[in-house]
Each structure stands twice: as structure tokens, then as C-alpha cells.
Amino acid sequence: MTIPSHFQDWTSSSSARSARGKISPAPTRPFWKRPWIIAIAAAALIVVIVVIAVPLAILLPKSKKHHSTVLLPLYIYPKTDSSWEPLHKAAEAHPSLKFLVVVNPNSGPGTSDGVDAQYHAALLKLSTFSNIQMVGYVRTGYGTRNLSAVLSDVSIYGGWSDKNSSLAMHGIFFDESPHQFTEEIAAYMRTATKAVKASAGLQGPKTVIRNPGVVPNAGYADDNTDISVVFEQSYTEFQTLRKDLATLSEGRAHYSYVLHTAPVMGKDELRDLVSDMSAQAKFVFVTSNANNYYESFGTDWDSFTDVVAA
Ligand SMILES: *[C@@H]1O[C@H](CO)[C@@H](O)[C@H](O)[C@H]1NC(C)=O
Ligand SMILES: *[C@@H]1O[C@H](CO)[C@@H](O)[C@H](O)[C@H]1NC(C)=O
């Protein structure tokens with residue numbers, strides 16, 4: 001092995017010096033190795049950590065907070081006064097967290113006679129929470145359901161506010177929205193969403209939510225649609241799809257992720273999951289239910305609502 005030339009120079013000159021019998025002076029320690037410098041540097045480092053790094057670590061949480069809204073598909077018949085209690089409790093416990101609740105009396109609103117007394121009472125109770133907004137469930141059958149029936153459902157929800165203004169719905173959730181494009185179905189969906197915005201009985205922003213459950217064809221872009229549920233699948237599928245979902249072009253305020261079959265996890269892990277979802281979608285839902293996902297509150301409902309950033 002040959003020594004690189006600059007080392008050779010250093011070696012030869014030092015051996016030349018000792019060859020002349022001179023005692024080499026004790027090499028002075030480099031400036032930065034002197035003990036007092038080390039002590040000062042260490043003290044300075046501690047000051048930097050205490051004054052800058054520690055407050056920064058407190059101010060900037062590990063995962064960035066994305067203010068989100070819970071999108072709850074509430075496909076639970078309020079058989080007793082306590083059937084919806086988990087929702088009441090969560091709304092009470094988190095007054096600054098908003099809940100967008102999809103109510104679904106009968107795979108839709110039922111008849112124009114209105115809901116039964118039990119359901120009516122349960123809706124009135126929900127309406128007393130200022131952080132809960134209700135939207136009505138309407139099925140479109142991926143664009144195959146008779147459009148007149150869809151429009152009739154929208155109009156029935158609109159009529160609820162006539163029965164009691166506290167029953168007013170704030171929008172419509174179009175389930176089974178299409179994702180594969182045909183011009184005919186796109187026109188069908190535009191008509192349905194327009195009817196929501198034109199409804200006199202629906203209140204407030206008349207929020208239109210479409211649920212294709214996957215990213216729909218770009219041809220379904222529609223000015224009257226406020227939110228698209230672009231993910232409605234299991235936890236396992238989320239692990240596969242999350243990178244593709246991250247490339248969606250509209251802002252997170254237009255998207256919702258609904259995740260079911262979540263495994264049992266600790267609160268920190270759940271918080272990380274919800275934070276990952278929230279980074280891309282403002283409207284989020286997680287449930288541990290592995291079938292009939294929305295027909296009961298999952299065992300993780302309380303933890304989920306605890307970790308969503310309001
Ligand atoms: C849809 O329903 C309306 C009203 O019930 C009916 O008149 C119409 O024929 C139906 N359309 C189709 C395509 O089935
Ligand atoms: C409407 O609902 C409120 C409760 O929000 C209730 O006090 C009132 O009596 C109801 N009105 C009618 C006409 O049922």
C-alpha cells in the first residue's frame with residue numbers, strides 16, 4: 001500500500017527532524033481540544049437546547065395538526081334513547097370538534113310522511129348540539145337508480161324542516177356514487193347535486209358529499225360537489241393506497257377518508273393513523289368494525305374522537 005503523497009511529506013519531515021537529534025516540541029493541543037473551550041461549548045449547547053430546542057419541540061408536535069371534521073355514517077336505528085349516546089358523549093367531550101353526521105332512516109329518508117316518533121325524537125336531540133351537522137343519506141346505485149327516486153329522496157329530506165325547523169338537514173350524502181365515467185351518468189350526478197343546492201328546505205351550506213369510495217374518474221368533477229369520499233376501505237387497503245391518495249390534486253378540504261376494519265391499536269398509534277389520513281382529507285372516520293361497519297359504534301369510537309384534531 002502506498003502512502004498518499006501529503007502523508008509521505010509529513011512522515012519524512014518529522015523523521016528528518018528527529019534524525020537531527022532535536023527534541024520535537026510537545027505538540028500544542030488544537031484550539032478546539034482545550035478543556036475550557038470544550039466546557040464553554042458544552043454549556044452553550046445546553047443553553048441552545050433549553051432556550052430553543054425544548055420550546056420548539058413543545059410547539060411543534062411530532063405530527064403536524066390538521067384540523068379535521070368527523071364524518072360519521074350513522075346507520076343506526078335509535079331503538080332506545082341511548083342508541084346514539086356515544087355520539088352525544090363525544091360531541092359533549094369535544095365541543096370544538098365538528099361532526100358531520102350522515103343520517104339514514106331507511107336506506108334513505110323513507111316516505112314523505114316523515115320518520116317515526118322514535119327517530120324524530122333522536123334527530124331533535126342531535127339538533128341540540130352546535131357541533132353536529134346532519135346530512136341525509138341518498139343511494140344512487142352507481143348511477144343506475146331511477147333519478148326520479150333520487151330527486152324524490154332529496155326533496156323528502158328538504159321537507160323535514162317544514163315539520164320542525166330543528167329537523168333541518170344541512171346537505172345530502174350520495175352513497176354508491178359512480179367512479180367509472182360515462183357522460184350519461186355524469187349528467188345524472190350533476191342533476192342530483194344541483195337539486196341539493198336548489199333545495200329550499202335544506203339549510204346552511206347544503207353540503208353535497210359523493211361517496212364513490214375510491215378516486216372517481218376526473219370526468220365526475222362537479223362544482224356543486226363539496227366533498228368526495230375517495231377512500232372507503234379497510235385499514236389494510238389504506239396501507240397499500242395511501243401513497244396514490246397523496247397525489248390527489250384538490251385541497252384536503254374536498255376529501256374524505258372512511259376507514260373500517262381498523263385493528264386494535266394504542267392511542268398514539270391511532271393518533272398517527274388519523275393524522276396521516278387528515279393530512280390529505282379533512283373529513284375522516286375510523287372504525288374497528290369489520291362488518292356492518294356503520295350499524296354500530298366501533299369499540300374504538302371514543303379513542304378515535306379523542307385523537308382527531310379539532
Ligand atoms: C323512474 O320513475 C318514474 C316515477 O316513478 C317513472 O315514471 C319512470 O318511468 C322511471 N324511469 C325509469 C327509467 O325507470
Ligand atoms: C320542534 O323541536 C323542538 C325541539 O328542538 C321542540 O321543542 C318543539 O316542540 C318542536 N315543534 C314541533 C312543532 O314539533
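Ligand 2 is surrounded by Leu 124, Ser 127, Asn 164 and Ser 166, where a residue is near a molecule if its C-beta atom, placed from the backbone, lies within 6 Å of it. This shell divides into one nonpolar, three polar and no charged residues; Ala, Val, Leu, Ile, Met, Phe, Trp, Tyr, Cys and Pro count as nonpolar, Asp, Glu, Lys and Arg as charged, and the others, Gly among them, as polar. The model is predicted, with local features requiring pLDDT of at least 70 and side-chain atom pairs pLDDT 80 or more, whereas totals for chains, interfaces and linings use all residues. Residues are numbered from 1 along each chain as its sequence is written, while chains are lettered from A and ligands numbered from 1 in the order in which they are written.

The protein chain contains nine helices and eight strands, taken as DSSP runs (H or I, at least four residues; E, at least two) numbered from the N terminus. Of its 310 residues, 34% are buried, that is, have 20 or more other C-beta atoms within 10 Å of their own, against 12 or fewer for exposed residues and values in between for partly exposed ones.

Helix H6 (residues 183-198) comprises 16 residues. Its buried residues are Ile 185, Met 189, Ala 192, Thr 193, Ala 195 and Val 196. They lie on the same side of H6 because they cover an arc of only 150° around the axis, the arc being that of the directions from the helix axis to the C-beta atoms. The face turned away from that side carries the exposed residues Glu 183, Glu 184, Ala 187 and Ala 198.

Note on methods
Expected span 1.5 Å × (residues − 1).
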